[in-house]
Amino acid sequence: MGIVAWIWRRIFPPRAQTRTWMFLTFCLLVGIVVAGTSVYVMFVLRGEVEESTKATNMAAIDRVRETNLASGSDIKDMDLQASYIRMAGYYVAIMRGDSTIWHGGIEEYQPGIETRLAAREAILIQKQPYFVRQRTKDGRSLAVTADTMTQAEHWALIVQPEDPIHDIVRTMQRTLLLAMFTALILALVGSWIASGKVTKPLRAIQRSADSIARGQYVTRIRVHTRAAEIQDLAEYLNQMSKRYQEKIVDLEKLASMQNDFIGNVSHEVRNPIFAIGGYLEALKNPDMEKFRRASYAKKALLNLRRLSNLFTNLIDIAQLEYREDLLRPSVFNIDDLIREVIESKQQEAKERGIVLEADVMPAKVFADTDRIRRALDNLVENALVYGKTGPITCACRHQDGKARIEVSDCGPGIEPKHLHRIFERFYRVDPARTRRSGGSGLGLSIVKQIVQAHGETIHAESEIGRGSRFWFNLKLTKDK
């Protein structure tokens with residue numbers, strides 16, 4: 001078993017090129033067919049031909065027995081039998097021991113003395129029929145057969161020239177063998193060519209995949225083949241490479257955003273913590289005036305509230321971004337909600353000297369009331385922070401089967417270079433002004449997450465010196 005396994009591993013190594021595997025497979029399969037056919041033609045078919053010749057000669061001996069030539073029949077009967085035998089193309093001899101008592105047929109087929117002695121020994125001593133094939137000087141094949149007669153020590157010897165059908169059979173044998181070996185050679189050549197057609201585009205794919213593995217993701221696999229499977233494989237690999245490239249770009253952007261986020265969070269957290277620490281350290285002084293102590297305590301609480309708001313906003317953004325199932329949608333009147341938000345901000349607007357108004361149409365929507373209230377509150381708060389004289393308008397209109405909610409102000413406006421980034425976390429158009437107002441730079445980012453969680457998009461447009469406008473849509477619905 002170990003030798004067979006060793007030979008198998010040598011013929012079919014555990015790792016080899018595809019072309020080698022295909023070539024060896026063709027060799028094995030076609031070789032088995034050729035070898036099996038050759039064995040049949042060389043041995044089985046040849047044996048069947050010999051058995052057929054031997055059976056024919058034994059039948060002729062049986063006819064000789066029937067005429068009983070060895071019993072001393074009339075010479076006319078023997079001559080008649082000789083004529084029959086000659087017509088059949090045989091040479092027949094009736095022997096007694098070493099002596100020939102009668103013979104007839106084609107004389108040129110008479111066997112030599114060695115053949116006669118060998119036949120006599122096989123019949124009289126070994127007690128078995130004798131058959132041998134000989135060739136004449138001119139290359140013709142003769143079948144010599146001998147067997148016993150009815151009388152003691154009498155035996156018959158028959159020489160039959162080769163039947164033309166046997167010559168045809170041998171010609172077919174040679175032709176078939178030649179055809180099989182030719183087929184083997186053509187199969188091997190064809191397998192080598194076919195394997196080249198397969199392995200050449202595979203090597204091209206291998207080179208391109210190696211380039212991609214080294215980080216050259218823009219490399220495109222190009223193959224020149226008509227094989228549909230290889231074309232599809234190259235296309236799938238190109239698509240996979242493209243997706244990987246997109247993912248890598250996204251990961252790089254995410255890493256950059258993460259670094260910015262960590263930097264912004266650390267900065268936003270550090271300032272109020274340092275302020276709180278400073279105020280608390282000052283409050284330890286027992287000689288501090290009462291009014292100053294109250295002022296420091298108030299400022300510490302403001303910074304603590306600012307820190308709390310920061311973490312609350314960060315948690316809200318994370319929940320909205322990764323847990324959309326946190327939404328609790330229901331049917332409500334968006335126009336009533338807008339009026340509530342405007343009413344809650346009126347006092348702050350008066351303190352800032354800004355007119356705050358609602359311009360709404362009745363509309364029912366299916367959304368999370370608390371989240372939408374948070375989004376509207378942030379938009380209005382943002383308008384109050386940046387607005388100067390107003391007015392600030394919160395409107396609701398019907399448009400294309402949806403309720404369009406808008407918040408517009410008459411503030412200084414936003415420059416185009418800032419407009420596409422205002423919904424990023426911690427991004428501020430005017431950092432100093434926002435920090436004075438206590439903002440964290442997360443208000444618009446929260447609005448974006450809330451609107452996206454509802455399957456919509458927040459939009460913004462602005463014109464320097466004339467104000468800004470923010471809007472998003474909610475799908476109109478009927479009572480449920």
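In this predicted model, the structure holds 15 salt bridges. Side chains of opposite charge can pair when their charged atoms come close. Because Asp335 and Arg339 are four residues apart in helix 8, which covers residues 334-352, about one helical turn separates them. Asp335 is buried, at 5% relative accessibility, whereas Arg339 counts as partly exposed, at 40%.

Arg339 also meets the side chain of Asp336 in a salt bridge, here at 3.1 Å from N to O, and these two residues of helix 8 lie three residues apart, again about one turn of the helix. Asp336 counts as partly exposed, with a relative accessibility of 34%.

Elsewhere, Glu463 and Arg466 form a salt bridge at 3.9 Å, N to O; Glu463 is partly exposed at 43% relative accessibility, while Arg466 is exposed at 61%.

Lys197 has its place in helix 5, residues 164-213, and is exposed, with a relative accessible area of 61%.

Turning to the cysteines, the structure holds zero disulfides. For Cys394, the nearest cysteine sulfur is that of Cys396, 8.4 Å away, and the sulfur of Cys396 is therefore too far from its closest counterpart, in Cys394, for a bond. Cys394 is buried, with a relative accessible area of 2%, and Cys396 is buried as well, at 0%.

Terms used
Residues numbered from 1 in each chain as written. Predicted model: local features only at pLDDT ≥ 70, side-chain atom pairs only at ≥ 80, totals over all residues. Heavy atoms only, no water. Buried < 20%, exposed > 50% of the residue type's maximum accessible area, 1.4 Å probe, protein only. Disulfide = S-S within 2.5 Å. Salt bridge = Lys/Arg side-chain N within 4 Å of Asp/Glu carboxyl O.
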